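Here are my notes on the strand pairing and helix packing in this model. Please read them alongside the coordinates.

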Protein chains: 2
Amino acid sequence: MRKVTKTPSTTLFPVPNVLVSSQLGDKANVLTIAWTGIMNSVPPIVYVSINPSRFSHKLVQESGEYVINIPSADLARAVDYCGVVSGRDIDKFQATGLTPVAATQVKAPLIAECPVNIECRVRQTIELGSHDVFVADVLAVNYSETVLDTAGRPDLAKLNPYGYCLNEYRALGEKLGTFGFSQKQPK
Amino acid sequence: MRKVTKTPSTTLFPVPNVLVSSQLGDKANVLTIAWTGIMNSVPPIVYVSINPSRFSHKLVQESGEYVINIPSADLARAVDYCGVVSGRDIDKFQATGLTPVAATQVKAPLIAECPVNIECRVRQTIELGSHDVFVADVLAVNYSETVLDTAGRPDLAKLNPYGYCLNEYRALGEKLGTFGFSQKQPK
C-alpha cells in the first residue's frame with residue numbers, strides 16, 4: 001500500500017469535543033476543547049490544552065480547577081459557538097441558554113444540559129508553545145439522571161455523544177464490538 | 001436536571017483507538033491505546049499513555065520513538081486483539097497479518113493497513129501512577145494513497161475511523177456540522 005508523507009500536523013481522530021467550564025471569583029466561562037484526553041487510570045488523570053489567548057486560560061490557571069462537560073449531539077451547534085466566540089466579549093451561558101449549576105468538589109460550574117460533568121483539579125501545567133496543558137485529577141463524575149439505566153449505569157444511546165474528526169463533528173454510528181471481543185469469537 | 005455524582009473514573013469519550021508501533025533493536029511491537037490525544041498545535045505535539053507492565057513501554061522508553069497508526073473500522077477486531085495480548089508472548093504482526101513498513105523519520109514501523117501513520121519522537125515523559133505519559137513531537141504524517149481525494153486531502157468516508165466509548169468501539173455516524181458552522185446559519 002503506497003503511503004504519502006505529509007508535514008507534521010495535529011492529525012489524530014476522533015477526539016472528544018467538550019465544554020470546559022471554569023470560574024474565577026464571580027466570573028464563569030465555558031470554552032470548547034478538542035485537545036483533551038485521559039492520561040492515567042489509577043488515579044484517574046485527564047488534561048485539557050488551552051491557548052493562553054483564550055479567556056478561560058486565566059480562569060483555569062488562577063483557580064486551578066475546571067469541569068469537562070461532555071455534550072450530546074443535539075448540543076453540537078451551541079458547543080461550536082462556544083469555541084468561536086470569546087468570553088471576554090460575550091456571556092456564553094446567556095448567549096447559548098446553557099445552565100451553570102453547582103459542582104460538588106470545585107467552584108467551577110457544571111453545565112446542566114451536558115449529560116456528563118467531570119470535576120477536575122489541576123496538578124501540573126506544561127507549557128508546550130501554542131497551548132498550555134492543564135493536567136488534572138478527576139475529583140468526581142456527575143451524570144444527568146436521565147442518561148442512567150435502571151441499574152445506574154450510563155446508557156450510550158441516551159448519552160448520544162459525538163466526536164471531532166478533521167474539522168467535522170460526527171455522531172456515533174454502528175457498534176463494532178466491546179473491549180475484548182476479539183477473544184470471544186473465532187477470528 | 002438532577003445530577004447523580006459518582007466517584008472519580010476515566011470517563012471521557014469518544015477517545016481515539018489507535019495502534020502504537022515501536023521498535024528497539026530488531027524487536028518491533030504494536031499496542032492498542034485509547035489514552036492518547038493532541039496536546040499542542042504549534043508545534044504539533046501528541047501523547048500516548050502506557051502502563052509500565054506493557055512490553056511496548058520498554059520499547060518506547062528506550063528508543064524514544066513511536067508511531068500512532070489510526071485504524072479503519074474494518075480493523076477493529078485486530079486492534080482489539082493487539083490490546084489484550086502481550087508482545088512478550090506473541091508476534092502481533094504475524095498473529096494479525098498487519099504489515100510493518102519503513103517510516104520516514106523514525107525506526108519504529110508504520111502499519112501498512114492503517115490509513116494514517118503519525119511518526120513521533122518523545123520529548124518528555126511524565127510518570128503519573130498506573131501510566132507513563134510519552135509526550136512527543138509529530139515528525140511526519142503518512143496517509144495511504146487510497147484515502148486521499150484527487151486534491152490530496154484525506155477523505156473521511158475512505159478513512160472510516162472509529163472511536164472508543166465506555167468499553168464500546170463505535171463507527172462514525174451522521175455529520176453534525178463543521179468547525180464554525182454555528183456562525184454560518186441562524187441559531
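**Notes on the sheets**

1. E10(B) pairs antiparallel with strand E11 (residues 132-144) of chain B over 11 bridges. Strands here are DSSP runs (E, at least two residues), as are helices (H or I, at least four), numbered from the N terminus. Pairing requires at least two DSSP bridges between two strands. Glu119(B) sits opposite Ala140(B) in E11(B).

2. The model is predicted: local features need pLDDT of at least 70, side-chain atom pairs count only at pLDDT 80 or more, and totals for chains, interfaces and linings use all residues. Residues are numbered from 1 along each chain as its sequence is written, with chains lettered from A and ligands numbered from 1 in the order written.

3. E10(B) and E11(B) make a hairpin, with four residues between them. In the turn, Gly129(B) has a positive phi of about 135°.

4. Strand E7 (residues 65-70) of chain B is joined to E10(B) (residues 116-127) by six bridges, again antiparallel. Ile68(B) has Ile118(B) as its bridge partner.

5. An open six-stranded sheet involves both chains, in the order E2(A)-E12(A)-E13(A)-E13(B)-E12(B)-E2(B), with antiparallel pairing. Strand E2 (15-16) of chain A and strand E2 (15-16) of chain B are at the edges; each has a single partner strand, so one side of each lacks a neighbour in the sheet.

6. Helix H2 (residues 76-84) of chain A packs on this sheet, touching E12 and E13 of chain A and E13 of chain B. Contact means C-beta atoms, placed from the backbone, within 7 Å.

Note on methods:
Contact = placed C-beta atoms within 7 Å. Axes fitted to C-alpha atoms, helices over the stretch in contact; angles between N-to-C directions.
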